[in-house]
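Keep the sequence and the 3D view side by side.

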Amino acid sequence: MTFSFHKIGKYFRDIPLRHKIGIPVLCALVIVAFNQIFNIYFINNSYKNTERWLITLSEARVQSQKALYLLHTLVYNENNLARAEIETINQQIEYTISIAEKGGNLKINNQNIELAPIYTTELASEIKDWAEIWKNFREITTQIITENVSIETSPDTLQNLIMVERKQNAVVKDALNQAVIYHEQLIQKINDLQKNLIKIGQDYRKFLTSIEGSLLLIVLAILLFILYVVITYISQNVKKITQATTEIAAGNINSVQLKITNQDELGQIADSINQLAQNIQIASNFTQKIGEGDYEALLVEDEVQAVTLSQNILFASLKQMQQKLKTLAEEDTKRNWITEGLAKFSEIIRNNNQSFEQLGDAVLAYIVNYIRANQGYFFILNEENNQQPCLDLVSSYAFGRKKFLHKQIPIYEHYAEGLVGQAYMEKESILLKEIPEDYVQIKSGLGGANPTHILIAPFKINQKVEGVIEIASFNEIGKYEIELVERICEGVASAVLAIKINQRTQKLLAETQKLANALKEQEQELRQNNEELIATQEEMKRKNLEIEARIAAIDNSGIASIEMTMEGIILTANKSFLDLFQYSAEEIIGKNYKMLVDREYANSKEYTQFWQDLNLGIAKTGEVKRKRKDGQYIYLAAAYSVIKDTRGNNVRILKLATDITETKKLLAESQRQAEILRIQEETLRANMIALQETQEELKRTSEAIIKLKEEEARYAQEKAREIENKNQLITASIKYAQNIQRAILPPKEIIEKFVEECFIIYLPKDIVSGDFYWYNQVSENKAFFAAVDCTGHGVPGAFMSIIGNTLLNEIVSTNKDISPAQILEQLHIGIYTKLRQEESSNHDGMDVCLCCLEKINKQEVKLTFSGAKRSLYYISQDNLYELKGDRISIGGWHVENRRSFQNQERIIRKNDLLFLCTDGIIDNPNPNRKKFGEKRFENLLLEIAHLPMEIQKEKILQEVKLHQQDAEQRDDLTLLGLKI
């Protein structure tokens, strides 16, 4: 019997539990298993959502930091591209906040992620605070972007205007400081949200675990009666399992180790509980290491076990979370590294902008040390080399100290030597990983090993390369390090250009000071000569000195001059002329001027007529094409004047010319000539006052001439003739200035090569004008036209017109694809810089009507217009249209150094008419001080639109004269009419 019970007991112990406890036990186990699966699944989903929200909040923090950085860039560097990017970041963060409240899809790292809302009461208040702080930050951001600063009173004087603008700048800076405060609050709030998310997730997991234990105890209580039947067989094992599950529920994983030898379900449960405890322990250790920042941690050391665990969805999610957190940490580290590097570099640029060598030493030392390289070289573009342009090595740095090397890399038209030359020509960075043995010149004192990586990066601005930087390193140069070097090169380009401009300005100031001293001496000499008008011999001596001074001023000013006989035989040529044509004096003097003229043109009727007019005493001005010694052609703005002897016979021809193919040289020369004209006008005005006083003295003296002797009367008459000669000399000087100014204006024949027909009305108030018209054809199908009204008229206005014409040519020659609005923006910067309006009391400026014509086909032309206080008129299909410019001028009283203008585009057709004008005609008054008027001007253009262009010009002049009658012309008149 005992044997039978033993057999039965052993059999009963090993049979499945379903046979022991029946259906109720099976149901209870199903409930327990379902509870376990549900808890694991729910915890996993909750963990994933928490993980996604942690990543989303990290991305929001990065975007907030980026928005603040862009605000600093916008305020201090005036980077207009940052406006759109800031608005994009604002929209992204607002969308993230709305998802936190309602849930939805969000794109992170190019992946769409489904996010459930953060719906707990505790975090709802946190999100509300986050949204409120962000609302304040965005309002400050919007205020800075739009510079929407309210002013209590309107500025009625220049001083009040300056105070208003200073107040605006102060308010913008205060707004930026407030944005920094809100940004710090945003970062703190995001950090608090992340901490609370982690804490709530942990508390929720503990809560679910406690619920699981409670449910298990309830199930065990229900089954107590049923288990009583088999308590003898399973009570000990159940007790062990109960203790183990209790330890797991309490979180004491280390003490769980079940030893049950039964082959039934209890034994299998024991094995599963042991495996579950082990997995929870592995997951706990793994998440703890990740929380401590160890993103390289392994699940387990055993590779076979790791492969098995990787198939578990929980461990797969943990590994995925580890990889994402590692990627985010690396990207954040690189981003912070680049941001910190750029911030330190800005300070280096500010402190080292006096010379190229100082700048190169500081930049090389910083870059080499910051990216852990070993040596570097700093090349600057030298365009003033007498032979050809080249890249000069101005600084070198290796192994922690400055090196003293000298090297030049010549630059040819389509080729430059070496990799540095290649980077210059291609305007792109080069990364070299295979280094030739003899490539590096500087070797370490510890050995002769070559570097493994070489980075060559050009620094360029406005698509023009100003130099090249070369970095050699034993370490690998990564993409983010290349990005840092390229962004640093952008700042280096601006610094190099600023140093070049500063050096040119200092040179120009020195030359200007020297010329001013010379002119001051000349003024004193003229004053002495005025006091000696009584003696005819002294008067002739003064005239000779004045002529010699003018010749010397022309020679020193850089204007090319040549003197010829009436037959064209060259008598003299100054140094500027010889240098320009590359001849020596012996090679050119005594030969015919035809040697400088194109052979086909020299044999033409037009050239023969040109010399016939000169022999008749007719002066010639305009743009001419001439040939240098090397066979190359150059374009000159030339003025041919006929010199007469004392009997009035034509004896010699004097030619004055400037090289308009070299816009930079023309700028310096134009400024110098304009300064001479300004000083001469001041001198002439003083002389006119003296002349008026002398005339009044002569008038009083004439009443006593009747009583004087006949000889004394003749003496007074001679003195009057001398004064008249003096007046003629003054007028001749201003007319000479007129020839120089007209030399820069494009002839009508040149303009008509691009358009069907045109006319030009150019009527200065005085002999020289403050208005000018401008034309520049950049390609076969594209050209720019402008009508410009400079501040003032007479000699000061002519000075401004020369500067404006030179700047326009320089801007377009640098970038032929530039738009009219960009031209006006750069023209404003040029006027602002050249006249030093930020630090001086000079507030001169100009109003501009500027357009670009680009031929689409034979019937259609694209018109792009931008104006500074001036409008453009065009007539199409018998209708007149007005394109109004922006209500801001170039230069002037406002002190900002940058201004924005808008482009307006239209498609016009063949035979349409365009009119570019200054305000001279519209504002021209009659004797009753009534202006000609804009409405009358528009009606006149419509009435004469069907007539030929020259007839239109005559009709306009007739109407202006009819309106003006005998009233004085108050301003310069300029109108340019074009027929497409």
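Ser889 is buried, with a relative accessible area of 15%; buried means under 20% relative accessible area, with a 1.4 Å probe and protein chains only. This is a predicted model, where local features need pLDDT of at least 70, side-chain atom pairs count only at pLDDT 80 or more, and totals for chains, interfaces and linings use all residues. Residues are numbered from 1 along each chain as its sequence is written, and side-chain values use heavy atoms, leaving out hydrogens and water.

Where does Ser889 sit? Its place is the loop between strand 21 (879-883) and strand 22 (890-891). Strands (E, at least two residues) and helices (H or I, at least four) are DSSP runs, numbered from the N terminus. Leaving aside neighbours within four places in sequence, Ser889 is in contact (heavy atoms within 4.5 Å) with residues including His828, Asp847 and Phe901.

Strand 21 leads on to a sheet. Five strands form this open sheet in the order 15-25-24-20-21, with antiparallel pairing. Two strands pair if DSSP finds at least two bridges between them. Strand 15 (757-763) and strand 21 are the edge strands, each pairing on one side only. Seven bridges join strand 15 to strand 25 (residues 973-979). In strand 25, Leu976 is the bridge partner of Ile760.

Now turn to helix 12 (residues 418-426). Val420, Gly421, Ala423 and Tyr424 are buried there. Lys427 follows helix 12, and its phi is positive, near 60°.

Definitions and conventions:
Buried means under 20% relative accessible area, exposed over 50%, partly exposed in between (1.4 Å probe, protein chains only).
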